[in-house]
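Q: Hello! I have a new structure open and would like to learn how to read it. Could we go through it together?

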Number of protein chains: 6
Amino acid sequence: MSEQPISRYPVPDVMELPEDMRDLILGVQEKAGFIPNVFLALAHRPDELRAFFNYHDAIMLREDSKLTKAEKEMIIVATSSDNNCLYCVVAHGALLRIYSKQPLLADQLATNHNKADITPRQKAMIDFALKVSNDAGSIGDADYENLKSHGFDEEDIWDIGAITAFFGLSNRMANLTSMRPNDQFYTMGR
Amino acid sequence: MSEQPISRYPVPDVMELPEDMRDLILGVQEKAGFIPNVFLALAHRPDELRAFFNYHDAIMLREDSKLTKAEKEMIIVATSSDNNCLYCVVAHGALLRIYSKQPLLADQLATNHNKADITPRQKAMIDFALKVSNDAGSIGDADYENLKSHGFDEEDIWDIGAITAFFGLSNRMANLTSMRPNDQFYTMGR
Amino acid sequence: MSEQPISRYPVPDVMELPEDMRDLILGVQEKAGFIPNVFLALAHRPDELRAFFNYHDAIMLREDSKLTKAEKEMIIVATSSDNNCLYCVVAHGALLRIYSKQPLLADQLATNHNKADITPRQKAMIDFALKVSNDAGSIGDADYENLKSHGFDEEDIWDIGAITAFFGLSNRMANLTSMRPNDQFYTMGR
Amino acid sequence: MSEQPISRYPVPDVMELPEDMRDLILGVQEKAGFIPNVFLALAHRPDELRAFFNYHDAIMLREDSKLTKAEKEMIIVATSSDNNCLYCVVAHGALLRIYSKQPLLADQLATNHNKADITPRQKAMIDFALKVSNDAGSIGDADYENLKSHGFDEEDIWDIGAITAFFGLSNRMANLTSMRPNDQFYTMGR
Amino acid sequence: MSEQPISRYPVPDVMELPEDMRDLILGVQEKAGFIPNVFLALAHRPDELRAFFNYHDAIMLREDSKLTKAEKEMIIVATSSDNNCLYCVVAHGALLRIYSKQPLLADQLATNHNKADITPRQKAMIDFALKVSNDAGSIGDADYENLKSHGFDEEDIWDIGAITAFFGLSNRMANLTSMRPNDQFYTMGR
Amino acid sequence: MSEQPISRYPVPDVMELPEDMRDLILGVQEKAGFIPNVFLALAHRPDELRAFFNYHDAIMLREDSKLTKAEKEMIIVATSSDNNCLYCVVAHGALLRIYSKQPLLADQLATNHNKADITPRQKAMIDFALKVSNDAGSIGDADYENLKSHGFDEEDIWDIGAITAFFGLSNRMANLTSMRPNDQFYTMGR
């Protein structure tokens, strides 16, 4: 296991975190078998950690979303790679392999979504996510019409945009703190 | 008052929102004299509205932050302008004029922070915020050292980065939804 | 009133300028109530000042132009903002508010013309101006055809291009000299 | 001689131009042996033609300028190439060959000024001109200091900036009108 | 095993290739256990296949090179990722894992070499390779001096540049032909 | 004749090169009347020189290619100029003038292919070559369809791509080594 630091900021002892955050982290650890480093790195500021995961869940666990779990991870992997965010590419690449049951897909999307084994509808979704990430100011009706021609509705488009925007925040925090992905993520689901 | 839509998505009736969000919005209205459109536009999804403002407050109201209210708004105006986000430039430009008591500052920062009436320390802060916004993947020790030479410590740098990251999310959501700034913001504090 | 320098170059005494330039400036002062700083900054070299305003007038006051005064200022504000020129955004933003009688328009165009209260025809005009400003080498028949589909003719297109080109020069001189907008411009027409 | 059009706009008969412009053009023709197409293309609007050459002369013929004729043309060729302006690269490339007596220099500067047979001082001059052309908003004291370390003073820097700004205008007008260089320019001075 | 096409161009039967190319490919197959698709995709034009591997070997197997096998693959993975070349990132990522015995390194370099587990010397090497890839025209003495300060000599620098240049060719051919990496590469060396 | 160095690396004595390379170079010298500097600069490493020209010939002398000699040189001049490669622009500009019998064409393509005297089919070819050079990862079916609408088939497209890819390598090696074009090339074919 790597001895490299998880973050350039101090990482607190989980047992000394506020109770709700401690329970959140221990719950994740029980389920995953390890604590993803994003919890530990952001725990340097427990209030921001709490806000981060509440927002994460509001977007990623929204009940009415028609995007599949795999599609959400596709968006995250493609935009995080474009933002050069090692933590998110590696951790969400693992989740994408698991949810999609396509073990090659994460590496494909991280390198070049134009050459990935995805549908034209999914390619349109990722093209739009990359536009939200890089040039949101020029999004307009033509983008909405294009996505609708692929079967997305306005709520789906909000989902795509909100996931991209949230992980844009996450990518910047991970790069700011030099957040290190857990070694386990690299091989999960391959 | 403008008759243009506030958002390309439906805007709910405030009185039909979940109680905590309704109270939040009515409280803001009482204090400001009007409801900033960001509340109404994001209220299309109350869970995301709640998550957004909780995260906003965790960062912007953090007790130990050594950045002044005006400095936080400087970061927001400069990066939001770079992201072509009309809502945030206009709304936070108003806040910046009020907090800084420099009525010209918001327009200066929105156009070219190199020509704004700010200190070299503040210029270094904004240069870094723009790097977090545009090229976070290349942030490294040299950036930290430079900010420290201007008197910022590691916690200040987290603040600068977190504000930039959060408003990067906000900018993308505002552009996605074509969120319209309230007319009042344009003249506040001039 | 600000005590900041108007220009990084020496600013001459108006009364010691060549007679025609002195009269020009005093005439503007009488009409506007103040001397816009562009006259004082460029007066460091009276021959260039004279050439600048003769060219300005040849383009901006051309009798047969079918562009409205407000449309010309729209072009200037949008392209000057894209060129990060504080002087031109602030001074011509004031003129745009006055000519258009739309007090919000200048700030909208300076931040994101895609979200401004303009017609599709005006948006096409500004898209073209931005292309002249940033990538004139790839202008071709398709651009002319597109503008014609919005009702512009070849002479209108020359006008759009010439205004953009002239203020591109102006933006560069203003940034070179750190030309400071008069404080009055910030609030005119709001 | 090429039969291609000189401009996408109508080219007037020189003899029907206003007297001063007619005399200007006939004077140039007598001296050069041919009429450079920029005169004919811009003559579509005689007032703008007049303003263009008055401004040109104010900058390029300024008596006190310490830049050599060849250095001025170096700036023009390098920035015009960066702006993909065929007319200016070819016409001013000819002038540069003649003034510098270095027949290879224009092609070198048009392709890559880093590999051209110029002095470090001239390289600094061209680096600065390219910054004025592409990113004038970030010019600051450090740029002035660097040029001063190569022996330029503030007036030289205004010259470099003003030439760049003026030919930036010229490049955009030439690209807008598809101005065609005279065939003669391609071989002059080789 | 994937049923996706290896290339958008026809792939010949290995047994019908010119003898030397057939032997080359069968030799690789015997050693690796499978035929890397680059051989099959380029075999559409046997003369170019032969030239490609001769050039490859001249650079990659140069006897006097002081770069390690792993360092050469670091250059390839980092620049191929920057060029969005799926084939080269996946295939050379496998080689890098094997040669470096650092199973995480390829994914790190493909996402963000600033966050990879490499030495400052190796970071300087990759920074230079990315400059050769993206902006070779501005390489100059300062780049050479910087690399020498990290212990590289002029021959090492030629090696870094030549590897980058050759794989820049390879990246473009792979993207042109939609060359598909063999599934085996994704998991080798993890 | 210039006294400037041909390359920043040592240039060997032709008579001491391996026999095949010596004969290659002497053959070229006999035919051209001089030794193009690319042979001398790359001869610093004879194995790479050999590989370079074998690859060059495999692409440029391919018997079945339907591109004309002039069209191949158009691709090289336009992409080499975009890569700021002085050697290739000057040397292949000479070849283009000779093969095309259009003495102005090389300078036109080096500055702005949109303003060059070429056919729409040739413009499409160069647009595609520039995309291979700058953004090969996004090449897809739409690019192939567009070229087919201009009469190119899949083999022609491989030719265009392969020439671009090979000279992309060549451009990077020339810039790395500061390879200097022979003075003769500047005037050949004018």
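A: Happy to! Let us start with a term for side chains: a residue counts as buried under 20% relative accessible area, as exposed over 50%, and as partly exposed in between. Keep in mind that this is a predicted model. Take A:K148: its relative accessible area is 31%, so this residue is partly exposed.

Q: Which residue does A:K148 meet in a salt bridge?

A: First the general idea: side chains of opposite charge can pair when their charged atoms come close. In this structure, the side chain of A:K148 forms a salt bridge with that of A:E154, at 2.6 Å from N to O. Counted over all chains, the structure holds 108 salt bridges.

Q: What can I learn from where the two partners of a salt bridge sit, say B:R50 and B:D20?

A: Look up the element that holds each partner. The side chains of B:R50 and B:D20 meet at 2.6 Å, N to O.

Q: Are D:K66 and D:D156 buried or exposed, or in between?

A: Here the two partners fall into separate classes. D:K66 is partly exposed, with a relative accessible area of 48%, whereas D:D156 is buried, at 2% relative accessibility. Their side chains meet in a salt bridge of 3.3 Å, N to O. D:K66 lies in the loop between α3 (46-60) and α4 (69-82) of chain D, and D:D156 lies in helix α9 (residues 154-177) of chain D, so the pair ties together parts that are 90 residues apart in sequence.

Q: Which residues do salt bridges that share partners join into one network?

A: Follow the shared partners from one salt bridge to the next. A:R45, A:E48, B:R62, B:E155 and B:D159 are joined in this way into one network.

Q: Now for bigger pieces. How do I read the domains of chain A?

A: Begin with their bounds, then ask how the two parts meet. The domain assignment gives domain 1 as 14-60 and domain 2 as 69-187 in chain A. The C-alpha centres of these two domains lie 22 Å apart. In chain A, twelve residues of domain 1 are in contact with 16 residues of domain 2.

Q: What is the area buried between domain 1 of chain A and domain 2 of chain A?

A: The size of an interface is often given as the accessible area lost when the parts come together. Between domain 1 and domain 2 of chain A, about 1300 Å² is buried, and carbon and sulfur atoms give 76% of that. On the side of domain 1 of chain A, 45% of the area buried against domain 2 comes from A:F34, A:I59 and A:M60, more than from any other three residues.

Q: How many salt bridges and polar contacts are there between these domains of chain A?

A: The count of salt bridges between domain 1 and domain 2 of chain A is zero, while six residue pairs are in polar contact across this interface. On the domain 1 side, the elements that give two or more residues are α2 (37-42) and α3 (46-60) of chain A. The largest share, five residues, comes from α3(A). By class, this side of domain 1 of chain A has ten nonpolar residues, two polar and no charged.

Q: How do I read the interface between chain C and chain D?

A: Chain C puts 40 residues in contact with 39 residues of chain D. The area buried between these chains is about 3800 Å², with 58% given by carbon and sulfur atoms. In chain C, the residues that lose the most area to chain D are C:Y55, C:W158 and C:R172, together 23% of what that side buries.

Conventions: Residues are numbered from 1 along each chain as its sequence is written. Chains are lettered from A and ligands numbered from 1 in the order in which they are written. This is a predicted model: local features need pLDDT of at least 70, side-chain atom pairs count only at pLDDT 80 or more; totals for chains, interfaces and linings use all residues. Side-chain values use heavy atoms; hydrogens and water are left out. Domain bounds come from an automatic or database domain assignment. Contact means heavy atoms within 4.5 Å. Buried area is the accessible area (1.4 Å probe) that two parts lose on being put together, summed over both. A salt bridge is a side-chain nitrogen of Lys or Arg within 4 Å of a carboxyl oxygen of Asp or Glu. A polar contact is a pair of N or O atoms within 3.5 Å; within protein, one must be able to donate a hydrogen and the other to accept it, and residues adjacent in sequence count only if both atoms are side-chain atoms. Helices (H or I, at least four residues) and strands (E, at least two) are DSSP runs, numbered from the N terminus. Ala, Val, Leu, Ile, Met, Phe, Trp, Tyr, Cys and Pro count as nonpolar, Asp, Glu, Lys and Arg as charged, and the others, Gly among them, as polar. Buried means under 20% relative accessible area, exposed over 50%, partly exposed in between (1.4 Å probe, protein chains only).
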